[in-house]
Amino acid sequence: MALRQASTCAIPQSWAQKEKLGFPVPMVNWLRDDENHRRVKTWFSGPEAEQFFNTDELMRLLDEHQNGADRSRKIFMVWMFLIWYRMYFVEQAPPTNWRFSEGAEPPLKEI
């Protein structure tokens, strides 16, 4: 609130009164990139996916998204679940002190 009030003298009032939008993540386009599409497709056909999901349905979601429909939210939620499950229940090795730095490897090499 204080930042909005302070900004009224520096920006137009209509901007200062706009509803908060959050930070949009460009998942729609990211998932349509061929390399990223293949990466997620590998996860969606893996053993964890087969254990919890109908993999034909997951592939349908990916294909629909690749062909223009926005299925990014569902795809992202399932993908994050699969990564989480593998990390904590299959590998049983949660990352410690994991930081994003140049040249750093992610805890799961398939990501």
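The structure is a predicted model, in which local features need pLDDT of at least 70 and side-chain atom pairs count only at pLDDT 80 or more, while totals for chains, interfaces and linings use all residues. Residues are numbered from 1 along each chain as its sequence is written, and side-chain values use heavy atoms, with hydrogens and water left out.

Confidence can be taken up before the fold. The mean pLDDT (the predictor's confidence in each residue, from 0 to 100) of the protein chain is 84, and 83% of the residues score at least 70. Among the elements of the chain, helix H1 (residues 2-7) has the lowest mean pLDDT, 74, whereas H6 has the highest, 97. Where pLDDT is low, the predicted coordinates should not be read in detail.

The protein chain holds seven helices and zero strands, where helices (H or I, at least four residues) and strands (E, at least two) are DSSP runs numbered from the N terminus. Along the sequence this gives the pattern α-α-α-α-α-α-α. Of the 111 residues in the protein chain, 25% are buried; here buried means under 20% relative accessible area, exposed over 50%, and partly exposed in between, with a 1.4 Å probe and protein chains only. Contacts (heavy atoms within 4.5 Å) with a separation of 6 or more are made in 52% of cases by residues 24 or more positions apart.

In soluble globular proteins, nonpolar side chains tend to be buried together. The largest nonpolar core of this model has 16 residues, a nonpolar core being a set of buried Ala, Val, Leu, Ile, Met, Phe, Trp, Tyr and Cys residues joined through side-chain atoms within 4.5 Å. Val 40, Trp 43, Phe 44, Leu 62, Ile 75, Trp 79 and Leu 82 have the most contacts inside this core. At least two core residues come from each of helix H3 (27-32), H4, helix H6 (55-66) and H7, and H7 gives the most, with six residues. Setting aside residues up to four places away in sequence, Val 40 touches Trp 30, Leu 31, Leu 62, Ile 75 and Trp 79. Another of the core residues, Trp 43, has the charged end of Arg 86 over its ring, 4.1 Å from the ring centre; for this, NZ of Lys or CZ of Arg must be within 6 Å of the ring centre and within 35 degrees of the ring normal.

Aromatic rings form a further theme. A pair of aromatic rings is described by the distance of the centres and the angle of the planes. The whole structure contains nine aromatic pairs, counted when the rings of Phe, Tyr and Trp (its six-membered ring) have centres within 6.5 Å, with planes under 30 degrees apart taken as stacked, over 60 as edge-to-face and the rest as tilted. Phe 52 and Tyr 85 make an edge-to-face pair, at 4.8 Å centre to centre and 75 degrees between the planes. This pair links distant parts of the chain, with Phe 52 in helix H5 (residues 47-52) and Tyr 85 in helix H7 (residues 72-90), 33 residues apart. Phe 52 is partly exposed at 39% relative accessibility, whereas Tyr 85 is buried at 15%. The rings of Trp 84 and Phe 89 are also edge-to-face, because their planes stand at 70 degrees, with centres 5.2 Å apart. Trp 84 is partly exposed at 41%, as is Phe 89 at 44%.

Some polar residues complete the picture. Asn 36, in helix H4 (residues 34-44), is buried at 8% relative accessibility. The side chain of Asn 36 makes a polar contact of 2.8 Å with the side chain of Arg 39; such a contact is a pair of N or O atoms within 3.5 Å, and within protein one must be able to donate a hydrogen and the other to accept it, with residues adjacent in sequence counting only if both atoms are side-chain atoms. Ser 72, in helix H7, is likewise buried, at 9%. Its side chain makes a polar contact with that of Asp 70 (2.7 Å). Beyond neighbours within four places in sequence, Ser 72 is in contact with Met 27, Val 28, Leu 31 and His 65. Asn 54 is located in the loop between H5 and H6, and a polar atom of its side chain lies 3.0 Å from the backbone nitrogen of Asp 56.
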